[in-house]
Amino acid sequence: MTKLSYINGLPLVLLLSGMSTPAFAGSEDVVVENAWSRASIGVNRPGAAYMTVRNTGEDTVTLTGLTTPLAVMPQIHETKTNADGVSSMAPADEITIEPGQSVALEPGGLHAMLMKLQNPMIEGETFPLTLTFSDGGEVTVEVPILGIAARGPES
Amino acid sequence: MQRRHVVQYGAAGVGAVALMLGVGWWRVDGPGAPKPAGQRPLPLSAMDFRLTDHEGNEVGPETLIGRPTMVFFGFTYCPDVCPTTLSDISGWLEDLGDDAARMNVVFITVDPERDTVEAMAEYVGYFHPAIRGWTGPANQVARAAEGFRASYERVPTEGGDYTMNHTASVFLFDAKGELVTMIDYHEPREFAVPKIRRALTEDVEGAT
Ligand SMILES: [Cu+2]
């Protein structure tokens, strides 16, 4: 399953040799699950991707940003809906995940906002999304692109 | 079932994040905060606006009277809330089965500058076929939102584009055009579908 692919910000050789990574405090123990996104109509509209980021290690990790070849400006956003029922969206600050905890990027809450798409997001394809952490580590996940009306990773 | 887990973790995760961020760019309103009087949507018969549907037909509030109606405001450049709500609505309509054909379901854009009739047609085409997309001149969209007591606001984004804050509740009216209830964003489907059935039932009661 490409969804679970998980790569530290390390030379590929190190990864393939299966060596542990003492240089990074925590992010090597981050696992990304259930990543998915919706197809886009062309490239003018921003895309969004969702996933669960799980810290399986002993150290607190802090998610600081995103990179992807798919979008010039990927950003973690948070949607809030106030008591009047008005939804708004703004960049989220750093996201700290305690050991054993996970953070869900899911519709109506946190999302990976993909602004300035370089290519249309086509249903059935995938794209790589790299999560960067405060310890310098990175985790890259292949995000499946589902239909525009998709509701979650299994639909 | 996998999704349920994600949702549960999500609640905990978002709660934790909200605590830790604690900065307050967003408004933190108590969930039970009373709605000011005058925020209740008008009956459809008291509204006045002229829009165009995604097939180019002239439409207005009177178009909706005679059948139960579900209305949602949004915009097609919305990456998160709008496709999620339209997917939810599509799911509710699937659950309603044949009854869905007895309803009007309308998605009104709050971003007519980008949401032309053509853009609306393409966008709604990806969702349940009962969903109609309405757009029109900015002043008419404003009058529609006023009638529903919906609000929206253009907000610039970092990249030089803009996004729209907007009311994300789904409005439910009976066949006479009276408000039955609203479905708030995040409300589980177990609550949404019975509410829609209520709008359909009130239609029957109104007819007898
Ligand atoms: Cu966003």
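Q: Before any percentages, what does buried mean here?
A: Buried means a relative accessible area under 20%, while exposed means over 50%, with partly exposed in between. Please keep in mind that this is a predicted model.

Q: OK, how much of chain B counts as buried, then?
A: Of the 208 residues in chain B, 50% count as buried. The accessible surface of this chain comes to about 9,700 Å², and 53% of that surface belongs to carbon and sulfur atoms.

Q: And how many helices and strands does chain B have?
A: Chain B has 5 helices and 9 strands, and, read from the N terminus, these elements run in the order α-β-β-β-α-β-α-β-α-β-β-β-β-α.

Q: Now to helix H4 of chain B, which of its residues are buried?
A: In H4, which spans residues 138–148 of chain B, the buried residues are B:Gln140, B:Val141, B:Ala144, B:Ala145, B:Gly147 and B:Phe148. They cover an arc of only 160° around the axis, so they lie on the same side of H4(B).

Q: What's exposed on the other side of H4(B)?
A: There, B:Ala138 and B:Glu146 are exposed.

Q: Which residue follows H4(B)?
A: B:Arg149 follows H4(B), and its phi is positive, near 60°.

Notes
Residues numbered from 1 in each chain as written. Chains lettered and ligands numbered in written order. Predicted model: local features only at pLDDT ≥ 70, side-chain atom pairs only at ≥ 80, totals over all residues. Heavy atoms only, no water. Helix = DSSP H or I, 4+ residues; strand = E, 2+ residues; numbered from the N terminus. Buried < 20%, exposed > 50% of the residue type's maximum accessible area, 1.4 Å probe, protein only. Areas by Shrake-Rupley, 256 points an atom, 1.4 Å probe, with all protein chains shown as cover. Arc of directions from axis to C-beta.
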